[in-house]
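Please read the following briefing alongside the sequence and the coordinates.

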Amino acid sequence: MKKAAIFDMDGTLVANSPVHIRAFEIFCARYGVTDWREKLANGFGMGNDDIMRLIMPAEVIREKGLAALAEEKESIYREIYAPEIVPMPGLTDLLQRLRDAGIRCAVGSSGYKPNVDFVLEKCRIEPYFDARISGDMVSRCKPDPEIYLTAAAALGVSPADCVIFEDAWAGFEAARRAGAGRIVALTTTLPREELEREPQADRIIDSFADIDDIGALLA
């Protein structure tokens, strides 16, 4: 039976939540939006359109359009992140071990394609992924399961044969609704105490360096 691994991107391949917050701070200041932080806390893991609807005034959305607003914010993000981006600790080693074991990998992210391409290129991990599914490739982003169902199909496996790596509530729900065989939670966005208090995953790790047994991970 074929096994596969699907990785969320933001907060999973890279610990970039603080950078997104810095980008939102710059972006929202341009439009005089001051109450974005509390609203954004409910948006981690969601697609850009849903996040913009959460934090931006309706009149700004009508004037600028969701796509233009998202691209403006993400351009800020890529500009400030490019000089400092690094993959999560242990990620590249894990990806190499998965490849050596014949395990196909995909990215399943609510982020849109330019951001996915940016992260994979800058972290030099493009060759490890057989498929990359971004939020602009599906009709519904997380917590809907479409992204993970699409990623599993692109790898030619059932979701039940996939281990999914996630960090946010929307992603855990999407993975569970997709029928993931195993869900691994990283403590990059939510503290371990919260993840343990409201169990959403089969395993909690602080970094990919915590994974020492590929066989047990995929069992």
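How many aromatic pairs does the structure hold? The structure, a predicted model, holds 10 aromatic pairs, where rings of Phe, Tyr and Trp (its six-membered ring) pair if their centres lie within 6.5 Å, and planes under 30 degrees apart count as stacked, over 60 as edge-to-face and the rest as tilted. In this predicted model, local features need pLDDT of at least 70 and side-chain atom pairs count only at pLDDT 80 or more, whereas totals for chains, interfaces and linings use all residues. Residues are numbered from 1 along each chain as its sequence is written, and side-chain values use heavy atoms, with hydrogens and water left out.

**Overall fold**

- The chain has 11 helices and 6 strands, these being DSSP runs numbered from the N terminus (helices are H or I of at least four residues, strands are E of at least two).
- The radius of gyration of the chain is 17 Å, close to the 17 Å that the globule rule gives for 219 residues, so the chain is as compact as a globular protein of that length; the radius is taken over C-alpha atoms, and the rule is 2.2 Å times the number of residues to the power 0.38.
- Along its principal axes, the C-alpha trace spans about 50 × 35 × 35 Å.
- Of the 219 residues in the chain, 51% are buried, a term that means under 20% relative accessible area, with exposed over 50% and partly exposed in between (1.4 Å probe, protein chains only).
- Among contacts (heavy atoms within 4.5 Å) between residues at least 6 apart in sequence, 63% join residues at least 24 apart.

**Aromatic pairs**

- The rings of F7 and F208 have centres 5.9 Å apart and planes at 55 degrees, so this pair is tilted.
- This pair links distant parts of the chain, since F7 lies in strand 1 (residues 4-7) and F208 in the loop between strand 6 (203-205) and helix 11 (214-218), 201 residues apart; both F7 and F208 are buried.
- Ring pairs also link F7, F129, F165 and F208 into a cluster.
- W169 and F172 both lie in helix 9 (residues 169-178), 3 residues apart, which is about one turn of the helix, and they form an edge-to-face pair with 5.8 Å from centre to centre and 75 degrees between the planes.
- W169 is partly exposed, with a relative accessible area of 29%, whereas F172, at 0% relative accessibility, counts as buried.

**Cavity**

- A search of the whole structure finds 1 cavity of 30 Å³ or more; on a 1 Å grid over the protein atoms alone, a cavity is a set of points where a 1.4 Å probe fits but cannot get out, a pocket is an open set with protein on both sides within 12 Å along at least five of seven lines, and lining residues have an atom within 4 Å of a point.
- The largest cavity has a volume of about 290 Å³, a volume being the space filled by probe spheres set on grid points that are joined across faces, edges and corners.
- Its lining has 26 residues, of which D10, H20, G45, M46 and I51 lie nearest the centre.
- Helix 1 (17-30), helix 3 and helix 5 each give two or more residues to this lining, and the largest share, 3 residues, comes from helix 1.
- The lining of the largest cavity divides into 7 nonpolar, 12 polar and 7 charged residues, with Ala, Val, Leu, Ile, Met, Phe, Trp, Tyr, Cys and Pro counted as nonpolar, Asp, Glu, Lys and Arg as charged, and the others, Gly among them, as polar.

**Pocket**

- The largest pocket has a volume of about 190 Å³ and is lined by 14 residues, of which N48, D49, Y112, G135 and D136 lie nearest its centre.
- Helix 3 (48-55) and helix 5 (66-81) each supply at least two residues of this lining, which divides into 5 nonpolar, 4 polar and 5 charged residues.
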